[in-house]
Amino acid sequence: MIDFNKFGIIFKREYLTRVTSKAYILTTLLAPLIFLGIFLIPIAVTLLSPDTQRVVALVDETEVIAPRMIEINPNQFVVFPDLTLEEIRTKVTTGELNGFVVIDEEVLDGTRTPELIYGGTGGVGFVADVRSALRTSIRDEKLDRAEVTEEIRGIMAERVSLTTRVLTETGEEEQDTSALFIVGIILGMIMYTAMFVYGGIVMRGVIEEKTSRIVEVIVSSVRPFELLMGKVMGVGALAVTQFAFWILAIAGISAASTPILLYFFGSRVSEAAGSSDTQAAMATIESELPFTIPEIGFGLILGFIIFFVLGYLMYSALFAAVGSALESETENQQLTLVVSLPIIIPIFFLSPVSTDPDSTLAFVLSMIPLFSPIIMPVRMAIMNVPLWEVALAITLMAATFIALIWLSARIYRVGILMYGKSASLRELARWVRYS
Amino acid sequence: MIEVRNIAKRYGSFTAVENVSFNVEKGRIFGVLGPNGAGKTTTIRMINYITVPDEGEVIINGKPAGPESQKMIGYLPEERGLYKKMKVGEQLIYLARLKGMSDYDARKSLKYWLDRFKASDWTKKKLGELSKGQQQKIQFISTIAHDPEICIFDEPFSGLDPINSELLREVIIELNQKGKTILFATHRMEQVEQMCDDICLFNQGNIILTGPLGDIKRSLGKNTVKIEFSGDGSFIDRLDNVRINNRSSNYAEIRLLDGVTEQDILREAISHVDLTHFEFVQPSLNEIFITTVNDASARKSIQEQIA
C-alpha cells in the first residue's frame with residue numbers, strides 16, 4: 001500500500017528542511033523566553049512595584065472625612081486649608097498633585113457621588129485606593145453618628161470567604177478549580193493557534209510544490225498518497241519537536257522559578273514570611289500574586305498531546321486537500337474558510353465550556369471530532385472528564401481522520417495536477433469521484 | 001518497451017483520451033505529436049503511472065505500469081519545476097533517491113552529469129539563484145541521473161537557447177545510442193523530422209496516425225513541389241488545386257491536390273520567374289500534421305452531424 005522507503009525519504013526532507021530553517025529555530029527558542037516573561041513580569045511587578053506615592057488633595061467641607069482618610073493613609077491624602085479650589089486645580093494640572101476630591105454633606109448623605117479629579121495617570125489601583133479610603137471613612141463616620149454598638153461594627157467588618165473542594169470517585173481531593181479555568185482557556189487557545197499554524201505549513205507546502213510544478217516530477221517517482229503522508233507526518237514531527245522542546249523548557253523554567261524568585265526577592269520574601277523557610281516563603285510569594293500557579297498533572301499533558309496529534313492529523317489532511325486545489329495562497333478564500341471554520345467555532349464556546357465543563361453543551365461539543373481537539377483539553381484541564389468520554393472522543397477523531405485522509409488523498413491526487421485556476425468546492429466534490 | 005493498449009481516461013463528462021494504442025520499440029526515438037489539448041500529456045502521465053487509465057492498460061517492459069516501472073523511466077514534464085529554496089545538490093540527490101537509487105550511486109551519477117553540463121559549481125547554490133537556462137539544465141540532469149531505460153521528454157527544447165538546445169540534442173542522441181528508449185512530445189515538427197524513428201499523431205483524444213516516420217511519408221507518396229526562384233512570385237497565388245506552405249519572397253512549398261501534376265507547376269513557374277531550384281518530394285511532417293488533423297476534425301464533425 002505504501003512504500004516505506006520512499007515515505008521515509010520524503011518524511012526526512014519535509015522534516016529536515018523545516019527544522020533547520022532560521023524562522024523555525026528562532027520561534028522555537030524565543031517562545032519559552034516570552035513565556036518566562038509572561039510568568040515573571042507579574043511577579044516582578046507585584047514584588048518590585050515602586051511605591052510612587054500619589055497624592056490627592058481633599059477639599060472637605062464636612063471637616064470630618066478628611067482626617068479619617070489621612071489616618072488611613074497619611075502619605076496619600078493631604079488638605080490645603082489655605083488654598084482655593086482653583087489653586088488646587090492648578091496644582092493638579094502642573095503635576096504637583098495627582099488629584100483632588102471635593103467632599104460635602106451631600107456626599108455624606110449619599111445624594112451626590114463624589115468625583116476624583118486627577119491627572120489621568122495611576123490607573124485602576126490608584127482610583128480603587130481612593131475609593132476604598134473614602135468608602136471606609138464615610139461608613140465609619142456614619143456609624144459614629146448613628147452611635148452604633150461595637151457588636152454591630154464587628155458584624156459590618158466581618159468577611160465571609162469560600163473555599164472549594166472537589167469530590168472525586170476515588171475519594172476526596174482538595175483542589176481549587178478557579179485557576180484551572182485559566183489553564184483551560186490557555187490550552188484551548190494554544191490548540192487553536194497550533195491547528196492553524198501547522199495546518200498552514202502543510203497547506204503552503206502543498207501549494208509551493210504545485211505552483212513550482214515539481215509535484216509532477218515527484219509523483220512520477222512516488223504515489224501521491226505517499227507524498228501526502230510524508231508531508232503530513234514530516235510537519236507533524238516538526239510540531240511534536242517544537243512542543244516537546246517547549247514543554248521541557250517550561251518545566252525547566254517552572255522548576256527553576258523558586259530559586260530564581262528567592263534569589264531576586266529573597267530578602268523581601270523572608271521579611272514578609274517572617275522566616276527563612278523556603279516553603280513558607282514560596283507560599284507567601286504566591287499569596288501576593290494576582291493569580292495562583294495551578295498544578296498541571298501528567299494526565300492532562302498526555303491528553304493534550306493525544307488530542308493535539310489527532311487534531312493536527314485531521315486538519316492537516318484537510319489543509320493539504322485545499323492546498324492542492326489552490327493556485328496561490330491568497331486565492332479562493334472560500335475554500336480556506338471552509339476548513340478554518342471548524343477551528344474557529346470552538347473558540348466562541350471556550351467561555352461557556354470552561355465555566356461549566358460538565359454541561360451537556362460541553363459534552364456534545366467535545367464529542368464532535370473536529371471540535372474535540374480544542375474543547376476536550378479545556379474540559380480536561382478544569383474537571384475530571386470520565387475516561388469513557390475521553391476514549392470515545394479519541395475513537396471518533398481517529399475514525400474521522402481515516403475518513404478525511406481518504407477524502408483528502410482523492411482530492412489531492414487530482415488537484416496537484418490541475419494547473420491554471422483555483423478550483424471551487426463543487427469541483428473538489430467532483431474530483432473525489434474520479435477514478 | 002512501452003505498449004499502450006486501448007487506454008481511455010475521462011474526467012467527469014470530459015474525455016481526455018479514448019481508444020489510444022501504440023507501441024514504442026526498445027532503442028527507438030518515438031515522437032508524440034498533436035495540437036494542445038489533444039491528450040498527449042494525459043497519455044504520458046499514464047505511462048508514468050502518475051494517473052491510471054479508466055480502460056485499457058499500459059505495459060512497460062512486459063509488466064503493467066506501476067512503482068517498479070517508474071524507476072525505469074526518467075520524465076521531464078512540460079511544466080518545469082524544482083524546489084526553488086532547496087540547494088541544487090541536495091535536490092538532485094533527493095530526486096534520484098526517490099527513483100530508488102542509493103545515496104552513493106546517486107552522488108556518483110550526478111557527478112558525471114553535472115560535469116557533463118558544466119554545472120558542478122552550482123551544487124551549493126539554491127535553485128532560485130540560478131538563471132532560467134541553468135535551471136533547465138539541472139532539471140534535465142534530474143530526469144536522467146538514475147540512468148533510466150526509458151526517457152520521456154515533454155517539449156524538451158522549449159525555453160532553451162540555441163547552444164543549450166544543441167547540447168541537449170547531442171545528449172538525447174547519445175542516450176539513444178546507448179540503447180535507451182526515448183519518447184518525446186512536441187509540436188516542433190523539424191525536431192521530430194530530424195530525430196524521430198517513429199511517431200504517433202494525437203487529435204482530440206484519439207490517435208489518428210502512428211508508425212515509422214519513413215513509412216508514413218512513403219505511403220503518402222511524393223505530392224509536394226519545392227521551388228526557389230527570383231522574380232515576381234505572384235503567379236503562385238493564381239495556381240488552382242494546390243495548397244501553399246512555407247511561402248517566402250523567393251521560396252514556396254506547394255502541395256498538389258486533385259489532378260494537378262508537378263509538370264503543370266514547372267511550366268507555370270518557368271513562364272513567370274527565373275527558377276533556381278525545383279524539387280518533387282514527399283510531404284513535410286508539418287504538411288502531414290496539418291492535413292491529417294484537418295481531415296480528422298472534418299470527419300469527426302461530419303460524423304457528429306450524421307449522428
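Author: B:Lys226 has its bridge partner in strand 13 of chain B, and that partner is B:Glu253. The model is predicted, so every position here is a computed one. The pair belongs to a longer contact. Strand 11 of chain B covers residues 224-230, and strand 13 covers residues 251-256. Five bridges join these two strands, which run antiparallel.

Now widen the view to the sheet. Four strands of chain B form it, in the order 12-13-11-14. The sheet is open, and its pairing is antiparallel. Strand 12 (242-248) and strand 14 (274-281) of chain B each have a single partner strand, so they stand at the edges, with one side of each left without a neighbour in the sheet. From one strand to the next, the twist averages 20 degrees.

A helix goes with this sheet. Helix 9 of chain B, residues 262-272, lies across strand 11, strand 12, strand 13 and strand 14 of chain B. Helix 9 runs at about 170 degrees to strand 14 of chain B.

How far can chain B be trusted? Chain B averages a pLDDT of 88, and 99% of its residues score at least 70. For the model, ipTM is 0.83 and pTM is 0.75.

Four strands of chain A form an open sheet in the order 2-1-3-4, with mixed pairing. Strand 2 (77-78) and strand 4 (116-118) of chain A stand at the edges, each with a single partner strand, so one side of each has no neighbour in the sheet. Three bridges join strand 3 (residues 99-103) of chain A to strand 4 of chain A, and these two run antiparallel. Within that pairing, A:Val101 has A:Leu116 as its bridge partner in strand 4 of chain A.

Two helices of chain A lie across strands of this sheet. Helix 3 (residues 65-72) lies across strand 1 (56-60), strand 2 and strand 3 of chain A, at about 155 degrees to strand 1. Helix 4 (residues 85-94) lies across strand 1, strand 3 and strand 4 of chain A, at about 150 degrees to strand 3.

Next, the spaces. The second largest pocket has a volume of about 1200 Å³. Its lining has 42 residues, and A:Leu417, A:Met418, B:Tyr11, B:Arg45 and B:Thr51 lie nearest the centre. Helix 17 of chain A gives the most to this lining, with five residues. By class, the lining has 19 nonpolar, eleven polar and twelve charged residues.

A search of the whole structure finds three cavities of 30 Å³ or more. The largest cavity has a volume of about 80 Å³. Its lining includes B:Leu76, B:Arg80, B:Phe117 and B:Gln136. Helix 5 of chain B gives the most to that lining, with three residues. Six lining residues of the largest cavity are nonpolar, two polar and two charged.

The second largest cavity holds about 70 Å³ of space. By class, the lining of the second largest cavity has three nonpolar, six polar and one charged.

Technical notes
Residues numbered from 1 in each chain as written. Chains lettered and ligands numbered in written order. Predicted model: local features only at pLDDT ≥ 70, side-chain atom pairs only at ≥ 80, totals over all residues. Heavy atoms only, no water. pLDDT = per-residue confidence, 0-100. 1 Å grid on protein atoms, 1.4 Å probe; cavity = no way out; pocket = protein on both sides within 12 Å on 5 of 7 lines; lining within 4 Å. Points joined across faces, edges and corners; volume = space filled by probe spheres on them. Nonpolar A, V, L, I, M, F, W, Y, C, P; charged D, E, K, R; others polar. Pairing = 2+ DSSP bridges. Axes fitted to C-alpha atoms, helices over the stretch in contact; angles between N-to-C directions. Contact = heavy atoms within 4.5 Å.
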